[in-house]
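Here is a short briefing on one protein model. Please look over the sequence and the fold before reading the points below.

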Amino acid sequence: MIAPVRPRKVVTIGDLFTREMIEASSQCKSTDEIKQKVIIPNMSAINKKTGQMNDPSYMAYLMEYALSKLGK
């Protein structure tokens, strides 16, 4: 028997990170600093928004990538 395929949840950067989180991250000097100061304190909210457990290091990388695209 094949397990049913669960549809993927589509989440945008704006869904994951608040304006305050983005601004705080833009002041950080490294991905690790973003992770420690912004992502880890907000992991429960991020996990709730995505509906799954997430890796804080990956979320910090994602934030850094989003900031680079915003030119910050």
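The model is predicted.

**Helix 4**
- Helix 4 spans residues 43–50.
- Its buried residues are Met43, Ile46, Asn47 and Thr50.
- Seen down the helix axis, these buried residues fall within an arc of 95°, so they line one face of helix 4.
- An α-helix has 3.6 residues a turn, so residues three or four places apart point the same way.
- Ser44 and Lys48 are exposed, on the other side of helix 4.

**Thr50**
- Thr50 sits in helix 4.
- Its relative accessible area is 13%, so Thr50 counts as buried, the cut-off being under 20%.
- The side chain of Thr50 makes a polar contact of 2.7 Å with the side chain of Asn54.
- Beyond its neighbours within four places in sequence, Thr50 is in contact with Lys9, Val11 and Leu16.

**Helix 3 and helix 5**
- The two axes come within 9 Å and cross at roughly 110°.
- Helix 3 and helix 5 are therefore roughly perpendicular to each other.
- By class, their contact has eight nonpolar, two polar and two charged residues.
- Helix 3 contributes Thr31, Ile34, Lys35 and Ile39.
- On the helix 5 side are Pro56, Ser57, Met59, Ala60, Tyr61, Met63, Glu64 and Leu67.

Technical notes. Residues are numbered from 1 along each chain as its sequence is written. This is a predicted model: local features need pLDDT of at least 70, side-chain atom pairs count only at pLDDT 80 or more; totals for chains, interfaces and linings use all residues. Side-chain values use heavy atoms; hydrogens and water are left out. Helices (H or I, at least four residues) and strands (E, at least two) are DSSP runs, numbered from the N terminus. Buried means under 20% relative accessible area, exposed over 50%, partly exposed in between (1.4 Å probe, protein chains only). A polar contact is a pair of N or O atoms within 3.5 Å; within protein, one must be able to donate a hydrogen and the other to accept it, and residues adjacent in sequence count only if both atoms are side-chain atoms. Contact means heavy atoms within 4.5 Å. The arc is that of the directions from the helix axis to the C-beta atoms. Axes are lines fitted to C-alpha atoms, for helices over the stretch in contact, and angles run from 0 to 180 degrees between N-to-C directions. Angles under 35 degrees count as roughly parallel, over 145 as roughly antiparallel, 65 to 115 as roughly perpendicular and the rest as oblique. Ala, Val, Leu, Ile, Met, Phe, Trp, Tyr, Cys and Pro count as nonpolar, Asp, Glu, Lys and Arg as charged, and the others, Gly among them, as polar.
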